[in-house]
Amino acid sequence: MKEGLSTRCVHAGEPHDPQGSPHAPLYATTTFKFPSTAALLDVVEGRKPGALYTRYGLNPTIQALEEKLAAIEGAEAALAFSSGMAAESALFLAHGRRGVVCLGDAYGGTLELLASQLPQLGVPTHFLLADELDRLPAILQQGVDLVFFETPTNPVLELFDIAAIAELAHAHGARLAVDNTFASPVNQNPLALGADFVVHSATKYLGGHSDLTAGALMGSKDLVMPVWNWRKNLGQTIAPETAAQLARSLRTLTVRVARQNDSAMKIAEALQAHHAVERVLYPGLPDFPGHALARRQMKGFGGMLTIEIKGGGEAATRVADALRLFALAPSLGGVESLVTQPCTTTHHGLTPEERARRGISDAMLRLSVGLEDADDLIADLNRALA
Ligand SMILES: *Cc1c(COP(=O)(O)O)cnc(C)c1O
């Protein structure tokens, strides 16, 4: 990994093309033909790399994307999936069958999979919030396979110490998987901090344009290859068309995220000074509780921030409805700015008590900062807050 991230985003996974295409062409192809049975068997039996069948991921467009995905997280190997949940479910089935511990808040689909679906298959799952981490060693002692968390979390931007938790997990023979969706590889590299796996909902920053659904898993070859068989037979491989679209997005990843970091910081500072805002949660603010850790383990503070509006849930709803540039929509990481009120969307299914336990109030609005001019976004917020 000698080259910088922007160079890797542009040039990794772009094989030489005999026609001179500067980027990996799209093979909208399900199967690949061979000159002889001997040549076919070379690929089937793994003696030679090559294209074979698209659901296996053995399609040049998907393979090129995976090379790029591995390079941007500094990983030995990567697998591309049809969604972020596909990547997570394949990871849990391949590497979490003796048990998974989830730390902190997590994406709703992840929580449902871990809390109510994997236990139906006999997989033990455990959940600890940040103030319960002292119980982690005892759970690891029971023989758990995998520790899993997001950092920063949704929507309160809580941070977990990747290096410290990796060390603890490894001391108990467990592995660490980090969902790096919120930070993106531009701002955080969990593998370099000791994590064994990184998962992404590529639907968010990696795709970056709210126009594709995809997922990614990165790690060492030894650990990623067992997941390949699960992806193959669960049928979770990314489509070649989506793979080409995602590779295109990745070429501009660093430019997009750098701008989103800058704009989010400007918005956080502007809103902190606003009389109608009770609190701004953003890792880049010096008085944010996770700021010191963010400085240590992140290279940028991200494009996500959460604000708490004075006047409670109804006031927050009025602000969300009054915004014009920030579209009222779940999801995040795209070029267009989005706003969600977690109690009505991402955390709607939780009881008010459970939301309170997670530090989520009805007055919170989560902002995903896009690529519009920061001044215009601030003006939109000022107008809606008025
Ligand atoms: C969106 C999201 C997911 C799920 O990704 P999909 O691509 O929708 O399956 C998982 N984790 C996080 C943090 C997310 O934001």
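This is a predicted model: local features need pLDDT of at least 70, side-chain atom pairs count only at pLDDT 80 or more; totals for chains, interfaces and linings use all residues.
I will start at the ligand. Thirteen residues, written 13 in my notes, surround the ligand, and the closest are Met-85, Asp-179, Ser-201, Thr-203 and Lys-204. Gly-84 comes in with its backbone, where an N or O atom lies 2.9 Å from an oxygen atom of the ligand. Ser-201 uses its side chain, with an N or O atom 2.8 Å from a ligand oxygen. Lys-204 also comes in by its side chain, and a polar atom there lies 2.7 Å from an oxygen atom of the ligand. Taken alone, the ligand exposes 380 Å², and the protein buries 92% of that.

Now to Asp-179, which I named among the closest residues to the ligand. Asp-179 lies in strand S5, which covers residues 175–179. Does Asp-179 sit buried or exposed, and which side chain of opposite charge is nearest? Asp-179 is buried and has no salt bridge; the nearest side chain of opposite charge belongs to Lys-204, 7.5 Å away. A salt bridge needs a nitrogen to oxygen distance within 4 Å. What Asp-179 does have is a polar contact of 2.5 Å between its side chain and that of Thr-181. Leaving out neighbours within four places in sequence, Asp-179 is in contact with Glu-88, Phe-148, Phe-149, Glu-150, Thr-151 and Val-199.

Pro-152 lies in the loop between strand S4 (146–150) and helix H7 (162–171). Pro-155 is in the loop between S4 and H7 as well.

Staying with the backbone, there are two serines to look at. Ser-184 has phi near 70°, a positive value in a residue other than glycine. Ser-184 belongs to helix H8, residues 184–187, and is buried at a relative accessible area of 1%. Ser-331 has a positive phi of about 80°, although Ser-331 is not a glycine. Ser-331 sits in the loop between strand S10 (327–328) and strand S11 (338–340), and counts as partly exposed at 29% relative accessibility.

Next, two threonines. Thr-125 is in strand S3, residues 125–128. Its relative accessible area is 18%, so Thr-125 is buried; the cut-off for buried is under 20%. The side chain of Thr-125 reaches the backbone oxygen of Leu-114 at 2.7 Å. Not counting residues up to four places away in sequence, Thr-125 touches Val-100, Leu-114, Ala-115, Leu-118 and Pro-119.

Thr-29 lies in the loop between helix H1 (5–11) and helix H2 (37–44). Thr-29 is partly exposed, at 25% relative accessibility. Beyond four places in sequence, Thr-29 touches Thr-54, Asn-59 and Pro-240. From Thr-29 to Leu-41 there are 12 residues in sequence and 20 Å in space, C-alpha to C-alpha.

Last, the salt bridges. How many are found in the whole structure? The search finds 17. I will show three of them.

In one, the side chains of Arg-357 and Glu-132 meet at 3.3 Å, N to O. Arg-357 lies in helix H14 (residues 352–357) and Glu-132 in the loop between S3 and helix H6 (136–141), so this pair ties together parts 225 residues apart in sequence. Arg-357 is partly exposed at 46%, whereas Glu-132 is buried at 17%. Both belong to a network of salt bridges that links Asp-105, Glu-132, Arg-135, Glu-354, Arg-357 and Arg-358.

Another pairs Arg-355 with Asp-362, at 3.8 Å, N to O. Here Arg-355 is buried, with a relative accessible area of 8%, and Asp-362 is partly exposed at 36%.

The remaining one on my slide is Arg-383 with Asp-380, at 2.8 Å, N to O. Why are these two separated by about one helical turn? Because they are 3 residues apart in helix H15, residues 374–385. Arg-383 counts as partly exposed at 34%, and Asp-380 is buried at 5%.

Conventions. Residues are numbered from 1 along each chain as its sequence is written. Side-chain values use heavy atoms; hydrogens and water are left out. Helices (H or I, at least four residues) and strands (E, at least two) are DSSP runs, numbered from the N terminus. Buried means under 20% relative accessible area, exposed over 50%, partly exposed in between (1.4 Å probe, protein chains only). Lys and Arg count as positive and Asp and Glu as negative; His and the chain ends are not counted. A polar contact is a pair of N or O atoms within 3.5 Å; within protein, one must be able to donate a hydrogen and the other to accept it, and residues adjacent in sequence count only if both atoms are side-chain atoms. Contact means heavy atoms within 4.5 Å. A residue is near a molecule or strand if one of its heavy atoms lies within 4 Å of it. Accessible areas come from the Shrake-Rupley method with a 1.4 Å probe; for residues, only the protein chains shown count as cover.
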